Every structure is written in C-alpha cells, then in structure tokens.
Amino acid sequence: MSRLAGRVALVTGGARGIGRGIVERFLAEGATVMATDLDVDDAPVAAELGERALYHRLDVTRADDWTAALDALRDRCGRVDILVNNAGTSRSGSIEDASEADWRFVMDTNALSVFLGCQAAVRAMRATGGAIVNIASARGQRTGAAQCAYSASKAAVLSLTESVALHCGEQGLPIRCNAICPGVIDTPLMRQHAASEAPGDPGAVIGRMTAMGIVGRLGTPREIGDAAVFLASDEAGFVTGAVLNVDGGFRIRDF
C-alpha cells in the first residue's frame with residue numbers, strides 16, 4: 001500500500017535538486033503534490049510529473065505568497081496534510097568577509113521562510129492535522145568558518161522545528177514537526193558550485209566534498225526524499241521535534 005495515499009503535500013523549492021527528489025518520492029507513494037518554486041519558468045514541472053503534480057510560484061520570504069499558495073492548494077484539493085520547507089540558498093563567507101547583504105539574504109531565504117511556512121501550515125492544519133518536514137543541514141549542527149550565515153540559518157531551522165513541535169503538542173494540535181539534516185547531496189547546484197570553485201578541476205572539489213562523510217560517496221535527492229516520506233507518513237506517528245541526519249556520517253566525521 002502506498003504510504004502517502006490520499007495525502008496532499010506542498011514542497012518548496014520543488015522544481016529541482018533535493019526538492020524535486022522529495023516531490024517524486026511523494027508522488028510515488030500516492031500523494032498529490034504542489035511543487036513550488038520562485039522561478040515561474042519551472043511551471044512545466046507539473047506536466048512532467050503527472051496528474052497528481054501541481055505547480056505554484058512561491059516566494060518563500062513573503063507571507064502573502066504563502067497564503068496564496070496554501071489557499072490555491074486547499075481550493076484544488078480541499079486540505080493540506082504535509083508541508084516540506086525545502087527551499088534554501090547558500091553564500092560562502094567567514095565572519096570577516098561575509099557582507100550584511102549576504103547575511104540578510106541567507107537568513108531570509110533559509111530561516112524566515114521556514115518560520116512563515118510553519119506558521120501558515122499550522123493555521124491550515126489545525127483542524128485536520130498534518131506533518132511538517134523542515135530541510136535543515138548538517139552544517140546547522142557542525143559549522144564551518146566560511147559558512148557563518150548558512151550554518152546559522154540552518155541552526156535556526158533546527159531550533160524552530162523543536163519550538164513548533166512543542167507548541168503543537170502543548171496546544172493539543174495533531175501536527176508533527178521534524179527536520180532532516182542532509183550532508184553533501186549530488187545535485188546540479190552542487191556540481192555548478194564545484195565547477196565555479198575549480199573551473200579546471202571540479203572533480204577535486206567533489207572529491208573533497210565526498211570525503212566530508214564516511215560512506216565514500218555523495219548522497220542523492222532520492223535519499224532525502226525517502227527520509228521525508230518516512231517523517232510525513234504514519235510510520236513516524238510517534239516522532240516529533242526530531243532531527244534525522246541523512247549525511248553519510250558528516251556530523252560524526254573525525255576530521
């Protein structure tokens with residue numbers, strides 16, 4: 001039996017990379033999925049994925065965009081059961097060379113967006129219940145000197161996840177909230193980053209990224225999707241306020 005049969009989900013940043021992997025796994029498990037993204041040119045993603053896939057443009061840093069997206073999903077499907085806060089960004093920079101603009105952009109995209117998404121989802125799920133899955137990062141647990149804004153934003157996501165879970169439990173709301181911490185995942189964006197870091201030898205950069213874990217390879221979007229399916233399904237009915245590391249051992253790596 002499909003693990004998400006009949007469920008209605010919204011996945012931010014769902015047009016590519018990790019988000020696309022999550023959307024595809026949710027569809028395979030029987031859910032109806034609204035993939036959202038900021039780039040309106042990605043609208044054909046719904047047609048590519050089939051009849052239970054929808055697309056909606058969503059700027060995750062704007063509360064009114066969240067309202068519009070969730071209203072559109074409820075108008076179409078009658079309810080919202082699952083939210084995956086996946087959209088995110090990264091800008092490198094240490095405390096000395098990161099700019100205020102970098103900090104604000106990363107915090108808005110990675111942390112403010114999750115606050116707005118969780119807030120909107122709790123309101124939408126109060127009566128019927130549901131599951132929220134926030135995509136954080138292993139860098140939110142184990143920072144790097146050149147990742148000050150990114151790491152801080154993902155640590156904020158982890159703290160917010162616990163706060164949302166506590167609030168829902170204390171208010172008696174049938175809503176669970178959990179987080180996934182990916183490690184280095186093999187996505188087009190990751191490979192673009194490797195190419196920009198070392199135009200003549202991107203393989204060396206990918207090799208260094210692979211060595212951040214202990215399993216000898218990069219992760220895949222599907223593996224993050226598998227974890228999201230579990231946390232969104234009834235199999236995780238007794239799981240809330242938790243963090244699931246899907247990082248190839250990055251967090252425990254003894255560098």
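This is a predicted model: local features need pLDDT of at least 70, side-chain atom pairs count only at pLDDT 80 or more; totals for chains, interfaces and linings use all residues.
Before I describe any pairing, let me say that two strands count as paired if DSSP finds at least two bridges between them, and that helices (H or I, at least four residues) and strands (E, at least two) are DSSP runs numbered from the N terminus. Residues are numbered from 1 along each chain as its sequence is written, and side-chain values use heavy atoms, with hydrogens and water left out.

Let me start with the sheet. It is an open sheet of seven strands in the order β3-β2-β1-β4-β5-β6-β7, and the pairing is parallel. The edge strands are β3 (53-57) and β7, each of which pairs on one side only. Neighbouring strands are turned by 20° against each other on average, direction ignored; here axes are lines fitted to C-alpha atoms, for helices over the stretch in contact, and angles run from 0 to 180 degrees between N-to-C directions.

Setting aside neighbours within four places in sequence, Leu54 is in contact (heavy atoms within 4.5 Å) with several residues, including Thr32, Met34, Leu73 and Cys77.

Helix α1 (residues 17-28) packs on it, touching β1, β2, β3, β4 (82-85), β5 and β6, and the direction of α1 makes about 170° with that of β1. Helix α4 (residues 100-125) lies across β4, β5 and β6, running at about 175° to β4. Staying with α1, its 12 residues reach 17 Å from the first C-alpha to the last, close to the 16 Å expected at 1.5 Å a residue, the expected span being 1.5 Å times one less than the number of residues. Of the 12 residues of α1, 10 are buried, so the helix is largely enclosed by the rest of the structure; among them are Ile18, Ile22, Val23 and Phe26. After α1 comes Gly30, whose phi is positive, near 100°.

Ser2 lies in the segment before β1 (8-12) and is partly exposed, with a relative accessible area of 34%.

Six bridges join β6 to strand β5 (residues 130-135), and the two run parallel, with Ala131 standing opposite Arg176. The chain crosses from β5 through helix α5 (residues 148-170) to β6, and this β-α-β crossover is right-handed, meaning that, with the strands pointing away from the viewer, the path from the first strand over the helix to the second runs clockwise. With strand β7 (residues 243-246), β6 pairs in the parallel sense over four bridges, and the bridge partner of Ile180 there is Leu244.

For those who think about cysteines, the structure holds zero disulfides, a disulfide being a pair of cysteine sulfur atoms within 2.5 Å. Cys181 is in no disulfide, and the nearest cysteine sulfur, that of Cys177, is 12 Å away. Cys181 is buried, with a relative accessible area of 0%, whereas Cys77 is partly exposed at 26%.

I will finish with Gly213, which lies in the loop between α7 (202-210) and α8 (221-232) and is buried, with a relative accessible area of 14%. Gly213 and Arg251 are 38 residues apart in sequence and 8.0 Å apart in space, C-alpha to C-alpha. Beyond neighbours within four places in sequence, the contacts of Gly213 are Asp247, Gly248, Gly249, Phe250 and Arg253.

Note on methods:
Buried means under 20% relative accessible area, exposed over 50%, partly exposed in between (1.4 Å probe, protein chains only).
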